[in-house]
Amino acid sequence: MRRDNFQSAIGVVSETPHDAPNTHNQLKLTVLSVSMKITNAMLTHIPFVYFTNIAIANLLEREKYLEFMMFYFAVIGMILSMLMSLKFSIRFIYMNQKFAIIPPMIIGFSLMTAGRFSLAAVGFWFFFMHLGQAAFCPDVSILELSDIRYSELMLSLGYCVESIITAITLFLFHQYPSAMQFDNLVAAMWTNFGIFGPISLILLLSCRFLKLSATTKKSILDIQRLVLFVSLCFFQCGAWMGFMIYLSPYHYETVLVGPQICGMVMAGLAGIILTLVKHMYGRIRFIHMLLIGLGTLSLLGSGLAFIIEYQDPTVGLFFGGMGHGMVFVTGLCYIHFRSKDDGFRVIRTGFCHLVHLGGLMIFVHTTSQYVYLQTSASRNVVVYRAGWIITAGSIGALGALVLNEILHCMGMYNYKKCRDTFLEDANDISDHFKSTLGFNDPDSVTQQPNNRRQFLLSVLALCLKITNITFNYHIFIYFTLATTQYLLTEPYESLFAHMYHYIKYYFGLLGLIIGLIASCFLSYKLIFMKSLGATFLAILIGVSLFTTEHTGMAGISFWLMYFSLGIGLFIPDVAIMEVSNIRLTELFLAKGYIVENTVLNIILFIFQRHTYMLFGERTLMAIGWNSGGPFVALFLLILILFIVFWPQTFRRGLITIQYIVLYDREDKPAVPVKPVTTEISMPS
């Protein structure tokens, strides 16, 4: 019987260099497995138990057995995961659990912030069920992946990590509750989310990407990784935008349009920087993550300023404006150039808009009962809650960006390389894409690039931003609020109280999800045509009913308008980036951002400071058609131009799309090979 401490069995004493064991990789997996014990600490985390009990206290007349219901759900989750382990791997179960706990956590905290304790209790129950679903996974992972010679030691280390975290939180909860912000329930909830939300996400991504299964394509994981990392930065952008849309007149008198101007300046600056870098090197240089990180830091500063100076949010508004402009332009451009040519680039770009709208919705949902109360106390509550939401989202996004850089430095993947192989080949030539797109072919007379056509299509793409303008158009927001509240009468008033403030965004979110799903099977040209047509009809019908005092039906029409707008909400930015000159893409996207915000801020300024110019003493019919009539005409005109002139770019790579725009041909251009010079030695 050989007693060599398993060295010969696992190849530790192998003399072949290429067969040497990768102990560094095993150490990383062991550290990850020990870190997974945080999941078990979350299951007994006192603040989560405390929040759940507060929510349960308002459910079913405070039945005593409900105090322990969360742990019954945890047991149910554990039983389900044990059954799943017969079919699926431990890694799959843990990843599914980590992905599933974040939505119930956000929903539960948002509902409690909004005062909906009964619904929040249900969210927390599902949160505990998903925690229980992976309660045994960390221990199994430690025993399986750690060095077999030190398995017991690693398991003890994991137990110590879990016990230390539980002991610290228990001590702080009982001895120093102010340190955990328990003197303010909203602050306590979002503080815990800001801590455990990013930790859960980092564990999910680490588990997903540090150990690849043999049946998983690495390129697919790479794309999923870039979408997750970048799109997280759009959540706090959406929350800040929601705060600006519903900014009280008292605060608006202080800042006017200053924060939005800062956002437009930073968006333009980001576009100029990326374009200049591309011009200097003759190729796309992926410095986007640096700019995204700076923008996210600015948003973090905005959130902290809201929390500290909630009575005067001026500083936070300007910091948020700078971060929003930089993150929005840089993040979309990064995903656009980094994505693979597999037909899903549109969906990945649209997912950022989905997260952006989600952040806006959570802010409006949690502050809906205060946004229109013109008191100092209500204004302070709105600013304070906005600060915690933006801060929590920014911390999570910064954690994802740091993890992204760590994985890049460890060689797990290269986020500075195009996943579109055809674009990467053209990018390697470093000639501003001239040879690839035929700008360096003097012999071709009939096939000169049609720059005029590309410029006109780029202008048309900028005009498509009318849908984003309409979505945040303050007059339509006012019309929707004024008409929707007539629908929420008894016996539904108590159930849907304050829902008329934000229900339109749920319709927009539903439309956006449907638009993203449809993009898997249909071209965005067809989807946007349907969206424009449906929006045109919804505005026409809604304004007509509003002017004839059919208020309730007008409210439903405006809901459908937001649903139709949501279907194509992400398409204008996709269109701008696809048809504009590939050397100036960032500038054109920044122009679209500036055009959209300029129009919205002019309208907002008139709405806040010169309301009589919009309404005055006019009749209801004049108000409706003066506000909605121009949009009806614009939607009809843009729809016709879009149908007639827009090219078909479904499931095509960026270089192919540029070729279609410049030459109006479907065939794929040939990428020139970078010349290689060799020296020939002559015989003496």
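Which residues in H23 meet which residues in H24? In H23, Ile527, Ser531, Ala534, Thr535, Ala538, Ile539, Ile541, Gly542, Val543, Leu545 and Phe546 meet Met553, Ala554, Ser557, Phe558, Leu560, Met561, Ser564, Leu565 and Ile567 of H24, where contact means heavy atoms within 4.5 Å. The model is predicted: local features need pLDDT of at least 70, side-chain atom pairs count only at pLDDT 80 or more, and totals for chains, interfaces and linings use all residues. Residues are numbered from 1 along each chain as its sequence is written, and side-chain values use heavy atoms, with hydrogens and water left out.

**Overall architecture**

- The protein chain has 29 helices and zero strands; helices (H or I, at least four residues) and strands (E, at least two) are DSSP runs, numbered from the N terminus.
- Of the 684 residues in the protein chain, 56% are buried, a class that takes in residues under 20% relative accessible area, with exposed over 50% and partly exposed in between (1.4 Å probe, protein chains only).
- The protein chain has an accessible surface of about 30,100 Å², and carbon and sulfur atoms account for 67% of that area; the areas come from the Shrake-Rupley method with a 1.4 Å probe, and for residues only the protein chains shown count as cover.
- Among contacts between residues at least 6 apart in sequence, 82% join residues at least 24 apart.

**Helix packing**

- Two packed helices are described by the angle between their axes and the distance between the axes.
- Helix H23 (residues 524–547) packs against helix H24 (residues 551–567) at an angle of about 160°, with the axes 8 Å apart; axes are lines fitted to C-alpha atoms, for helices over the stretch in contact, and angles run from 0 to 180 degrees between N-to-C directions.
- That angle makes H23 roughly antiparallel to H24, given that angles under 35 degrees count as roughly parallel, over 145 as roughly antiparallel, 65 to 115 as roughly perpendicular and the rest as oblique.
- H23 passes H24 in a left-handed crossing, meaning that the near helix is turned anticlockwise from the far one by less than a right angle, with clockwise giving a right-handed crossing.
- The residues of the contact of H23 with H24 comprise 15 nonpolar, five polar and no charged; Ala, Val, Leu, Ile, Met, Phe, Trp, Tyr, Cys and Pro count as nonpolar, Asp, Glu, Lys and Arg as charged, and the others, Gly among them, as polar.
- The axes of helix H14 (residues 288–308) and helix H15 (residues 314–338) come within 7 Å and cross at roughly 155°.
- H14 is therefore roughly antiparallel to H15, and H14 passes H15 in a left-handed crossing.
- The contact of H14 with H15 involves 15 nonpolar, twelve polar and no charged residues.

**Buried positions within helices**

- Helix H21 (residues 474–484) is mostly covered, with ten of its eleven residues buried; among them are His474, Phe476 and Thr480.
- Glu578 lies in helix H25 (residues 571–579) and counts as buried at 2% relative accessibility.
- Beyond its neighbours within four places in sequence, Glu578 is in contact with His336, Arg345, Val346, Tyr524, Thr649, Ile657 and Gln658.
- The C-alpha atoms of Glu578 and Gln658 are separated by 7.4 Å, although the two residues are 80 residues apart along the chain.
- Asn597, in helix H26 (residues 585–609), counts as buried at 7% relative accessibility.
- Not counting residues up to four places away in sequence, Asn597 touches Met241 and Met264.
- Asn380 is found in helix H17 (residues 376–409) and counts as buried at 17% relative accessibility.

**Loop positions**

- Asp420 is placed in the loop between H17 and H18 and counts as buried at 1% relative accessibility.
- Leaving aside neighbours within four places in sequence, Asp420 is in contact with Arg338, Ser339, Lys340, Asp341, Arg345, Gly653 and Leu654.
- Ser430 belongs to the loop between helix H18 (421–429) and helix H19 (451–463), and at 31% relative accessibility Ser430 counts as partly exposed.
- Ser430 has a phi near 60°, a positive value in a residue other than glycine.
- His432 is also in the loop between H18 and H19, and His432 has a positive phi of about 60° although it is not a glycine.
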